[in-house]
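Dear colleague,

Here is the structure that I promised to hand over. Please have it open while you read the notes that follow.

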Amino acid sequence: MKIAILTGAGISAESGLGTFRDKGGLWSQYDLEEVATPEGFARNPALVHDFYNARRANCMAASPNDAHLALAELAAGPHEVTLITQNVDDLHERAGSQDVIHMHGALMRALCASCDHRWDAPAAMAPADPCPACTAPATRPDVVWFGEVPYHMDRIMTAVAGADLFVAIGTSAEVYPAAGLVELAMGETLEINLEPSMRARAFDRQIGGPATETVPAWVNTLRI
Ligand code: BJW
């Protein structure tokens, strides 16, 4: 069976990484216009680097949880699994998943805003850091901000449209184009979330509860 899986911040919540829109989430602590838009970065690059440096440190201190581990195990089985994540953390990779499609980029990568060169991010980045390829002081985190085009969209849309099963895990379905992927799915659709998202009715079925319980239990059903 071909399975396309889309994960969001909820899958990493129990690893201690904050979500965005839950109570106490990142967007209640930070103004997203200031830290997650190209315009905010142009206004105050030091503030944006501080935000991502802190999140990179949190991510490095976190460990994959049972939900990440179950998805890595699923991909090692007989099914053809495409794992798409909106998350910029590397917990899927550290759980053992390979070829993870990061549609919103990666905390652990740096991007030169001048020449588009990419490299492994240092633990902390600063506005004047030179690009190792062109030397321009235009270093930014390699993440996709509002108003920018998410990465790998052709591959993602092909995988979702061609899947027998599309599963969205731990995402509020408030951010496009990720939120609209369920509309492209031709096979069965399943939402696994703490509670139904605002697009829950677009899915054929839902499983509710914390990802560390629901995801391993769902993966177990596919072994039968
Ligand atoms: C648990 C749990 C547990 C908690 N177990 N579950 C008007 C209408 C429609 C669209 C637009 C519009 N105005 C602007 C737009 C476009 C815009 C957009 O969608 N805005 C909306 C806010 C309306 N989108 C964009 O600009 C995107 N680009 C774009 O559209 O380009 C045009 C284009 C597209 C395609 C082809 C061609 C052109 C870019 C979006 C970039 C998003 N960037 C961010 C920040 C950067 C990365 C980072 O810093 O991490 O990405 S925003 C933030 O939201 C982050 C996330 O990846 C993303 C999604 O959040 P997610 O993962 O859903 O987290 P939460 O917190 O929202 O939800 C967590 C869920 O988990 C909740 O449901 C909980 O219940 C659940 N949960 N604990 C299970 N233990």
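Helices (H or I, at least four residues) and strands (E, at least two) are taken here as DSSP runs and numbered from the N terminus. The model is predicted, so local features need pLDDT of at least 70 and side-chain atom pairs count only at pLDDT 80 or more, while totals for chains, interfaces and linings use all residues. Residues are numbered from 1 along each chain as its sequence is written, and side-chain values use heavy atoms, with hydrogens and water left out.

Two features of the backbone deserve a look. Pro177, which sits in the loop between β7 (165-169) and α9 (181-184), is joined to Tyr176 by a cis peptide bond with an omega of about 5°. Asp116, in the loop between β4 (105-112) and β5 (118-120), has a positive phi of about 70° although it is not a glycine. For background, most residues other than glycine have a negative phi, and most peptide bonds are trans.

Next, the domains. The assignment, whose bounds come from an automatic or database source, gives domain 1 (1-17 + 64-104 + 150-224) and domain 2 (18-61 + 110-143). Their C-alpha centres lie 25 Å apart, and the contact between them (heavy atoms within 4.5 Å) takes 14 residues from domain 1 and 12 residues from domain 2. Together the two domains bury about 960 Å², 60% of it on carbon and sulfur atoms, where buried area is the accessible area (1.4 Å probe) that two parts lose on being put together, summed over both.

Finally, the ligand. It is surrounded by 34 residues, of which Arg21, Tyr52, Arg55, Glu148 and Ser172 are the closest; a residue counts as near if one of its heavy atoms lies within 4 Å. The residues of this shell divide into 17 nonpolar, 11 polar and six charged, with Ala, Val, Leu, Ile, Met, Phe, Trp, Tyr, Cys and Pro counted as nonpolar, Asp, Glu, Lys and Arg as charged, and the others, Gly among them, as polar. Both domain 1 and domain 2 give at least three residues each to the shell.

Among the polar contacts (pairs of N or O atoms within 3.5 Å), a backbone N or O atom of Ala9 lies 2.8 Å from an oxygen atom of the ligand, and a polar side-chain atom of Asn193 lies 3.0 Å from a ligand oxygen atom. A backbone N or O atom of Glu148 lies 2.7 Å from a nitrogen atom of the ligand.

Definitions and conventions:
Polar contact = N/O pair within 3.5 Å; in protein donor to acceptor, adjacent residues only side chain to side chain.
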